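Here is a short report for a first look at this structure. Start with the sequence and the view below, then read on.

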Amino acid sequence: MIAFVITTIICFIIYLLLTTGSGTLGLWSIEEILLGLILSLITGFVTRNIFVKKDLRMLNPVRWIIFVWYVIGPFFVGMAKANFDVAYRVITGKINPGIVKISPDLKTDLGITLLANSITLTPGTLSVDIDEEKNDLYIHWINVKEDVLKGDSVDCKYICGNFDKWIRRIAE
Amino acid sequence: MWFEFLIYILLAIGVFFNILGGVGLLRFPDVYTRLHAGTKCTTFGSIFITGSVILLGLKMWYLGSTDGSVLAIHTAGALVAILLTNPTGAHAIARAAHKSGVKPVGAVVDSLQDKSVKKTVKKKEEEK
């Protein structure tokens, strides 16, 4: 039941966002609102088990606030740094690439997806593959610091800074 | 006046980073380093370009045109889609390249290679 309600509400919000400017009732016309309600009820009924899995921890609004703060704060700064880093390497041609393994020790699918996407968009790193049993990530690192290559995997802080701590707060 | 100036500045920043991504695609040696240029620079540049379009839409909305609201909200939706799909696509391309045997040029270390070699050795031993 709660999965059906969540899916319907999110479908309805997306429908409203895509049909702005259609009438005089606020930004929408009454026909659009009614049709959107019917369509999102149908969609919510059909896809409720796909969209919402068993755990409901992402319903907590605090997690969403932390997520938005993470995207506009540390993530955006990391991305800006990444671009100047790429600019430097494009101009000078200094690269020292390699594929290393990190063990961020995240448990949920959402967390590992967020971390892999964050890693791809931040300085000098690109996620290549994932070990689905242990949630280890294989990272292509454009400028390998050879003195940190000890043993099997590299410490997370050289690759992704403190992103894993942020994501643990958001998704776990 | 200053608002249009802001829009042009955002557009210029975005175009600069997209050009940087293009130059990177031409200058880097192999598929992985090219993906570095291709994902980071185009995503960052597209944030600024969509930002300028959103500002233009908000200005039109403020001046009384409902088309402005459509432009602003739909462009914000496009920005979210870019942020989600661009790194995911790069990850898919990199994974496919490594699976089909493309080695990173000048690699100092390749943990993934070691892992797949170990796996094939294990398989062969099991077959025996």
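## What counts as buried

A residue is buried if 20 or more other C-beta atoms lie within 10 Å of its own. Keep that cut-off in mind for the helix below. The model is predicted.

## Helix α1 of chain B

Which residues of α1(B) are buried? They are B:Leu10, B:Gly14, B:Phe17, B:Leu20, B:Gly21 and B:Gly24. These buried residues pack against α3 (61-92) of chain A, together with α2 of chain B.

The length of α1(B) can be checked. The helix has 26 residues, and at 1.5 Å a residue it should span 38 Å. The expected span is 1.5 Å times one less than the number of residues. The end C-alpha atoms of α1(B) are 37 Å apart, which agrees.

## Where the chains touch

## Chain A as a whole

Chain A has 6 helices and 3 strands. From the N terminus on, its elements run α-α-α-β-α-β-β-α-α.

Now the overall dimensions. Along the principal axes, the C-alpha atoms of chain A fill a box of roughly 65 × 40 × 25 Å. The radius of gyration of chain A is 21 Å, whereas a compact globule of 172 residues would have one near 16 Å. Of the 172 residues of chain A, 31% count as buried.

## The hairpin in chain A

Strand β2 of chain A covers residues 125-131. Is this strand mostly covered or mostly open? It is mostly covered: 5 of its 7 residues are buried.

Strand β2(A) is joined to strand β3 (residues 136-141) of chain A by 6 bridges, and the two run antiparallel. Within this pair, A:Ser127 stands opposite A:Ile139 in β3(A). The hairpin of β2(A) and β3(A) has 4 residues between the strands. There, A:Asn135 takes a positive phi near 55°.

Notes: Residues numbered from 1 in each chain as written. Chains lettered and ligands numbered in written order. Predicted model: local features only at pLDDT ≥ 70, side-chain atom pairs only at ≥ 80, totals over all residues. Buried ≥ 20, exposed ≤ 12 C-beta atoms within 10 Å, placed from the backbone. Pairing = 2+ DSSP bridges. Rg over C-alpha atoms; globule rule 2.2 N^0.38 Å. Contact = placed C-beta atoms within 7 Å.
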